[in-house]
Amino acid sequence: MAVVFEKTKALTDAKLHYCPGCAHGIVHRLVAEVLEEMGEVENTIACVPVGCAVFANNYFNFDAIQCAHGRAPATATGIKRVHPDKVVMTYQGDGDLASIGTCEIVHAAARGEKITTIFINNGIYGMTGGQMAPTTLPGMKATTAKAGRDPKINGNPLRVSEMLATLTGPAYIERVSVSTPAQVTAAKKAIRKAFEIQKQGLGFTFIEVVSSCPTNWGLTPVKAMEFVREKMIPYYPLGVFKDITAEEGK
Amino acid sequence: MAKGKVTINEVICKGCGLCVSVCPKNVLALSTTKINPAGYNPAEMVSEDCIACTSCAKMCPDCAITVEKLD
Amino acid sequence: MAKVLMKGNEAVGKAAIEAGCRYFFGYPITPQSEVPEYLSSELPKVGGTFVQAESEVAAINMVYGAAAAGARVLTSSSSPGVALKQEGIGYISNASLPAVIINMMRGGPGLGTIQPGQADYNMAVKGGSNGDYHNVVLAPASVQEAVDMVMEAFDIADMYGTPVIVLADGLIGQMMEPVEFNYVRREGIPEKTWALTGKGKGERHNIKNLVIDPDDCEAWNHEHFEVYERILANEEAWEDYLMEDAEYAFVSYGTASRVVRTAIGYLRAEGYKVGMIRPKTLWPFPQKAFDKWNGQVKKYLDVEMSMGQMVPDVAYACNDKNKVVFHGRTGGNVPTVDEVVAFAKEIMGGDK
């Protein structure tokens with residue numbers, strides 16, 4: 001009898017505070033598993049956001065700091081410049097990264113800061129209770145867009161991976177999801193690649209995870225994962241948007 | 001004959017059902033009799049057909065699942 | 001070290017390097033742009049790092065990161081830019097991290113003017129961010145003092161785990177004076193055992209800013225205020241200028257105090273018994289100076305380059321608001337010696 005799956009030691013024993021079925025827990029685990037498998041847990045510093053993941057520092061079993069809303073890429077820049085030999089990551093939601101922190105993420109990417117950003121895109125503000133996010137889909141209901149997002153009034157959602165891929169600084173940008181076991185496996189592979197590229201010092205690395213928010217979407221966890229596949233991914237297509245290691249291979 | 005065994009940490013399970021939804025062998029179900037301290041019906045094994053594919057554990061947001069492969 | 005003639009903005013940059021600072025994150029703004037310009041070329045020469053941030057907001061959050069990582073770190077700006085940094089200063093303060101912020105003040109509010117001002121007193125001394133907190137605020141009146149205070153600011157920041165603001169103004173940043181650099185590190189600065197370094201084989205370091213339970217958050221605040229009590233006890237600094245026989249005392253800091261000093265010369269020549277309490281720390285405000293002189297001083301003549309932001313602190317310190325009179329210029333103007341002399345004579349009448 002052999003254990004083929006158990007909880008990674010790169011997560012603490014703290015019970016996650018997330019709602020049932022929230023994919024934050026899946027992505028936390030993937031990040032932790034990758035760092036454990038790479039032997040980098042003792043070498044990593046995480047910058048956690050304002051948003052539902054504000055307590056991620058209680059779950060990651062490595063050094064961490066709670067950042068101001070949207071400013072994690074700037075704080076990570078400060079840390080990485082002091083400790084260029086450490087693995088430095090930010091973990092940010094869509095309100096944090098794609099709304100209030102747009103300036104910081106764009107410029108950290110443009111500078112090619114040798115950090116890894118994990119971007120959780122679930123199209124809604126979770127922590128504050130279901131307000132419209134910069135990534136809320138057209139027609140999708142939010143507490144500040146009760147009839148659904150109307151692009152004529154609220155503008156259109158941001159596709160951050162595509163935007164950042166136009167810059168020279170990023171070394172690797174991939175959009176993944178975690179709505180099926182196969183997607184989880186692929187997401188883990190992407191996260192590993194991002195951290196490996198950071199270790200190689202090649203530039204800024206960015207993994208967008210198309211995620212769910214069952215509570216604020218008003219769906220069961222299982223239905224929320226279906227929504228990810230049927231509505232979110234068509235607007236936010238999965239794939240690699242930038243990979244300088246592949247470009248070098250050409 | 002079961003090829004695998006799923007152990008669910010019933011205390012931290014939030015009964016989200018993602019594991020149940022992805023199990024290719026329909027081995028798991030949310031309990032209809034148990035309520036954990038947080039008030040959730042935890043997932044439990046309801047058949048012996050587990051193949052230790054780990055799909056359930058991969059989808060578990062709470063790291064509540066351990067999977068073992070039986071000899 | 002021999003004296004060299006340096007512009008204020010460059011001298012404070014050199015002072016930071018002398019004090020062991022190797023990280024600067026900032027954004028250009030008049031009248032302090034020579035600070036980032038100087039450090040962009042000088043820091044790399046000593047193995048340091050200069051980053052021109054995309055904004056003051058980003059710069060202060062880079063400072064937050066570098067401070068958390070255990071480094072001596074500096075940012076500088078001028079009034080509207082420092083207004084943008086307030087959020088980050090609050091976070092740094094809440095996390096009990098050491099950092100040094102230089103403000104070469106200009107006239108405000110808003111975009112204001114690029115000429116020197118002192119109207120950021122409230123923002124620095126009363127706390128421009130949210131919540132209960134204090135910054136240590138040092139107020140230099142010369143390029144040499146700016147140099148000395150920048151060096152000291154790093155020690156104070158490390159000693160207590162708090163942001164320290166060096167509150168100068170565009171005039172001090174822009175003028176040239178002879179300076180020397182004699183940094184002597186204070187005794188008793190604690191080791192940064194909390195710094196983010198990767199946990200290695202030890203315990204992980206977790207720098208928090210959210211304390212969601214109100215009892216915990218209140219206790220956290222009280223911990224900060226225990227530190228503030230130590231700062232209040234240990235760090236008040238001021239200059240008594242011709243106070244021994246003074247019956248009237250100017251209260252003035254920074255560039256305004258230079259004008260006052262000259263005015264006192266003229267007034268003394270005419271026989272007026274007038275001196276000056278010059279706060280060198282604005283927080284903690286030098287209460288001890290007022291305790292020392294309050295018995296003999298009839299009036300306090302507060303002179304500032306603002307509409308009187310320091311007046312309530314002077315009134316509180318001397319425990320008699322009727323003793324405090326104010327003369328100020330604002331919006332980028334510096335008071336002249338003549339107008340300060342005239343103001344003082346009006347207050348003193350013929351009382352020599």
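Modeller: The part to examine is chain C, for which the domain assignment gives domain 1 (4-189 + 207-235) and domain 2 (238-348). The model is a predicted one. Between the C-alpha centres of domain 1 of chain C and domain 2 of chain C there are 26 Å. Where these domains touch, domain 1 of chain C contributes 28 residues and domain 2 of chain C contributes 22 residues. On the side of domain 1 of chain C that touches domain 2 of chain C, two or more residues come from each of α5 (121-127), β6 (136-138), β7 (163-169), α7 (170-174) and α8 (214-235) of chain C. The most is given by α5(C), with 4 residues. Sorted by class, this side of domain 1 of chain C holds 17 nonpolar, 8 polar and 3 charged residues.

Strand β5 (residues 99-105) of chain C runs parallel to β7(C) and is joined to it by 7 bridges. Within this pairing, C:M105 has C:D169 as its bridge partner in β7(C). β6(C) also runs parallel to β7(C), with 3 bridges between them. Here C:V136 stands opposite C:V164 of β7(C).

The surroundings of chain C come next. Of the 2 pairs of chains that touch, chains A and C have the most contacts between them. By contrast, no contact joins chain B and chain C, and their closest C-alpha atoms lie 20 Å apart. The contact between chains A and C takes 28 residues from chain A and 35 residues from chain C. On chain A, at least two residues each are supplied by β2 (44-48), β3 (63-66), α3 (72-82) and α5 (102-111). Among these, α3(A) gives the most to the side of chain A that touches chain C, with 8 residues. That side of chain A divides into 12 nonpolar, 10 polar and 6 charged residues. Strand pairing also crosses between the chains: β3(A) and strand β9 (residues 206-207) of chain C run parallel and are joined by 2 bridges. In β9(C), C:N206 is the bridge partner of A:A64.

Chain A also touches chain B, in a contact that takes 26 residues from chain A and 25 residues from chain B. On chain A, the elements giving two or more residues to this contact are β1 (2-5), α1 (24-38), α8 (181-200) and α10 (221-235). This side of chain A has 17 nonpolar, 5 polar and 4 charged residues. Here β1(A) runs antiparallel to strand β4 (residues 65-69) of chain B, to which 3 bridges join it. A:V3 stands opposite B:E68 in β4(B).

Finally, α10(A) bends by about 35 degrees at A:V228. Its buried residues are A:P221, A:A224, A:M225, A:F227, A:V228 and A:M232. The cover over the buried residues of α10(A) includes β6 (170-177), β7 (204-210) and α9 (214-217) of chain A, together with α1 (18-22) of chain B.

Technical notes
Residues are numbered from 1 along each chain as its sequence is written. Chains are lettered from A and ligands numbered from 1 in the order in which they are written. This is a predicted model: local features need pLDDT of at least 70, side-chain atom pairs count only at pLDDT 80 or more; totals for chains, interfaces and linings use all residues. Two residues are in contact if their C-beta atoms, placed from the backbone, lie within 7 Å. Ala, Val, Leu, Ile, Met, Phe, Trp, Tyr, Cys and Pro count as nonpolar, Asp, Glu, Lys and Arg as charged, and the others, Gly among them, as polar. Two strands pair if DSSP finds at least two bridges between them. The bend at a residue is the angle between axes fitted to the seven residues ending there and the seven starting there. A residue is buried if 20 or more other C-beta atoms lie within 10 Å of its own, exposed if 12 or fewer, and partly exposed in between; C-beta atoms are placed from the backbone. Domain bounds come from an automatic or database domain assignment.
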